[in-house]
Structure formats: C-alpha cells, structure tokens
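Visitor: I am new to this structure and should like to be guided through it. May we look at it together?

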Amino acid sequence: MMNSIMTNPIQLSTLLVCMAVAMVLGVLTSLVFMYKCEHSSSYAIALALLPMVVCLVIMLVNGNIGTGIAVAGAFALVRFRSVPGTAREIAAVFTAVAIGLALGMGFVGIAVVFFVFAAVLTLVLTCVRFGAIQKPEKELRITIPENFDYDGLFDDLFEKYAKRVRLHRIRTTNMGTLFELSYYIVFSDAGVPKDFIDEIRTRNGNLNVVIDDVMEREMM
C-alpha cells in the first residue's frame, strides 16, 4: 500500500488513478481548510486543483533535470502574481502541494494517510479555536487639534472602558493642524461601548474617531 505504483514509461491506468485520487483529495483538502474560515471562491477552486497540477508536473519531470529546472522557474514566477495570504492559506497550499508530490511519485497510500492526518489535525484545532484570543485587539485612532496636550488626555476613559491599551503612533494630519493618535486597545466588555465613543467625541471637539479590527500580523 505504501509502495509506489509508478512505472517507466507511465501507464495510462497509473496516470488515471493518480489524477483521480489527486482530484478527490484536492477537493477534500479545500473543504477542510475552508471550514469555519473566510475564503474566496477562487482560493477554494485553486486549492482543489493544486494537487492534480503538481501531480502531473512531477510525473512529466520524472528525473529530467532540465525539465525540472524549467518547471521550478515557472513556479517561481507565480509568486509575483500572487496576493499575500494568511498563515492558514499558506499551510493549505503546502498541504496540497505535498499531496500532489506524493501522488506524482506514485505513493497513493502515503498521500491518503497524510491527508487524513492533516485533515483531522486541522479540524480539531479549528473546533477548539486553538490559538484564538478571547478579546481581539482593536486599533483606535483619535483626531485632536494641534493645541491639545495629548499626554494623558484620555487616560481616565481608558481606565473606565479598556482592559489593555498602548499608544502605537502619533502623526500630524491636515497640514499639521491636527494630531492623529493611534492606540491598540482591548475593551473590558464585548463590542465597542457607544458611551466610550461619545465621551471621546466630547473631549476631542467632535473630530474623527475610528476603531478598526487589528489585522493578523504575520511574518510573510
């Protein structure tokens, strides 16, 4: 079961088996990594097709060094046409590529076993929300006039509504007539308290107050 079914030259039956398994595992891999995760239709389709594409490429290279170098160069060009993804998406792509590599070398059993282990681990970690933070950090941007002393201006409000806060950035806007204070903040309660925003608007002269979800900061 764990031995390679690849022959030289490649038989049509071997090609069909590997391609069929790659197609099935590709679709299943896509479904697993889309579970409880935001995704686009193009990403789902690409992930489903990737094992089959890699499988065929490995079959065609089959020990030919020149062809292998050409294929590596072609794959390197894909990087410049790709949108940066999350760590989960990168892991999904590597999983699909590993399945395709195993099938391209004829190791159908290894590909299936690897998929089962990867799928079970992914689903379990997703269901238990492994690594998730209970209260997500948000970015708070407050605009104040240039004549305001921003040091300690909102400290009492932070003590009242926030569990944790830290000043991230100070910059001037509107030709230097305004300051924009940027904070990373974790609120004490779920959601963003309306009273908190109202009190800030009262204190900063009803200028802009912006609260955004902090995007996952990853090393790409």
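Guide: One term is needed at the outset: pLDDT is the predictor's confidence in each residue, from 0 to 100. This is a predicted model, in which local features need pLDDT of at least 70 and side-chain atom pairs count only at pLDDT 80 or more, whereas totals for chains, interfaces and linings use all residues. Residues are numbered from 1 along each chain as its sequence is written, and side-chain values use heavy atoms, with hydrogens and water left out.

Visitor: Over which residues does pLDDT stay under 50?

Guide: The protein chain averages a pLDDT of 83, and 84% of the residues score at least 70. Where pLDDT is low, the predicted coordinates should not be read in detail. A contact means heavy atoms within 4.5 Å, and the model has 10 contacts beyond four places in sequence for the stretch in which pLDDT stays under 50, residues 216-220.

Visitor: What pattern does the protein chain follow along the sequence?

Guide: Helices (H or I, at least four residues) and strands (E, at least two) are DSSP runs, numbered from the N terminus. The protein chain has 7 helices and 4 strands. Read along the sequence, their pattern is α-α-α-α-α-β-α-β-β-α-β.

Visitor: At what angle do helix H1 and helix H5 pack?

Guide: Axes are lines fitted to C-alpha atoms, for helices over the stretch in contact, and angles run from 0 to 180 degrees between N-to-C directions. Angles under 35 degrees count as roughly parallel, over 145 as roughly antiparallel, 65 to 115 as roughly perpendicular and the rest as oblique; H1 and H5 are therefore roughly parallel to each other. Helix H1 (residues 12-34) and helix H5 (residues 108-127) have axes 10 Å apart, and their packing angle is about 5°.

Visitor: How many nonpolar residues does the contact of H1 with H5 have?

Guide: H1 contributes residues including Val17, Leu25 and Thr29, while H5 contributes, among others, Phe115 and Leu123. Ala, Val, Leu, Ile, Met, Phe, Trp, Tyr, Cys and Pro count as nonpolar, Asp, Glu, Lys and Arg as charged, and the others, Gly among them, as polar. By these classes, the contact has no charged residues, 2 polar ones and, as the number requested, 13 nonpolar.

Visitor: Is Thr29 buried or exposed?

Guide: Thr29 belongs to helix H1, and beyond four places in sequence it touches Leu47, Thr95, Ile99 and Phe115. Buried means under 20% relative accessible area, exposed over 50%, and partly exposed in between (1.4 Å probe, protein chains only). Because its relative accessibility is 1%, Thr29 counts as buried.

Visitor: In what order do the 4 strands form the open sheet?

Guide: Two strands pair if DSSP finds at least two bridges between them. Strand S2 (residues 162-173) and strand S3 (residues 178-187) are joined by 10 bridges, S1 pairs with S3 over 8 bridges, and 5 bridges join S1 to strand S4 (residues 209-213). The pairing in the open sheet is antiparallel, and the order is S2-S3-S1-S4.

Visitor: Which strands stand at the edges of the sheet?

Guide: Neighbouring strands of the sheet are turned by 20° against each other on average, direction ignored. Strand S1 (residues 138-145) has 7 of its 8 residues buried, so it is largely enclosed by the rest of the structure. One side of each edge strand is left without a neighbour in the sheet, because each has a single partner strand; these strands are S2 and S4.

Visitor: Which residue in the hairpin of S2 and S3 takes a positive phi?

Guide: Within this pair of strands, Leu167 has Tyr183 in S3 as its bridge partner. The hairpin has 4 residues between the strands, and the positive phi, near 55°, is that of Asn174.

Visitor: What is the bridge partner of Ile142 in S4?

Guide: Helix H7 (residues 194-203) lies across S1, S3 and S4, running at about 145° to S4. In S4, the bridge partner of Ile142 is Val209.

Visitor: What is the relative accessible area of Asp213?

Guide: Asp213 is placed in strand S4. Beyond four places in sequence, Asp213 is in contact with Glu137 and Lys138. Asp213 is exposed, its relative accessible area being 53%.
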